[in-house]
Amino acid sequence: RVWDCFLAEGWKVPYRVMLALLEQATPDLLNLHFEEILGYIRELPLKVNGGKVMDDAFKIPLRWKHIQKYAKEYSEREKS
């Protein structure tokens, strides 16, 4: 479903899905040690409810200007 939406709507879809996944995983991630996070992320695809992730993803008010703003901030930080 992510690919279908990506092909229809573009790059905002993967960003929204990533944010939705992080939002759902935040309570668990905050209780893990750094070393445990990698294992959690590896197992995450087995635990995800795809329909809920997509529903949550499309509730995130993300605009292209937000993506560009954060990409620019990241680039400037990398140059410093």
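Is W11 buried or exposed? I looked up its relative accessibility and found 55%, so W11 counts as exposed. I note that the model is a predicted one.

**Entry: aromatic pairs**

I searched the whole structure for aromatic pairs and found two. I took W3 and F6 to begin with. Their ring centres are 5.7 Å apart. Their planes stand at 80 degrees, so I wrote this pair down as edge-to-face. I then checked where they sit. Both W3 and F6 belong to helix α1, residues 2-9. They are three residues apart, about one turn of the helix.

Next I turned to F6 and W11. This aromatic pair is edge-to-face too, with 5.0 Å centre to centre. The angle between the planes is 75 degrees.

W3 has a relative accessible area of 64%, so I marked W3 as exposed. F6 has 17% relative accessibility. The cut-off for buried is under 20%, so F6 counts as buried.

**Entry: the largest pocket**

I asked how much space lies in the largest pocket. The value is about 200 Å³. I listed residues that line the largest pocket, among them Y15, M18, L22, I60, P61, H66 and Y70. Two elements give two or more residues each to this lining: α2 (12-30) and α5 (64-79). I sorted the lining by class. Ten residues are nonpolar, one is polar and none is charged.

Key:
Residues are numbered from 1 along each chain as its sequence is written. This is a predicted model: local features need pLDDT of at least 70, side-chain atom pairs count only at pLDDT 80 or more; totals for chains, interfaces and linings use all residues. Side-chain values use heavy atoms; hydrogens and water are left out. Rings of Phe, Tyr and Trp (its six-membered ring) pair if their centres lie within 6.5 Å; planes under 30 degrees apart count as stacked, over 60 as edge-to-face and the rest as tilted. Helices (H or I, at least four residues) and strands (E, at least two) are DSSP runs, numbered from the N terminus. Buried means under 20% relative accessible area, exposed over 50%, partly exposed in between (1.4 Å probe, protein chains only). On a 1 Å grid over the protein atoms alone, a cavity is a set of points where a 1.4 Å probe fits but cannot get out, and a pocket is an open set with protein on both sides within 12 Å along at least five of seven lines; lining residues have an atom within 4 Å of a point. Grid points are joined across faces, edges and corners, and a volume is the space filled by probe spheres set on the points. Ala, Val, Leu, Ile, Met, Phe, Trp, Tyr, Cys and Pro count as nonpolar, Asp, Glu, Lys and Arg as charged, and the others, Gly among them, as polar.
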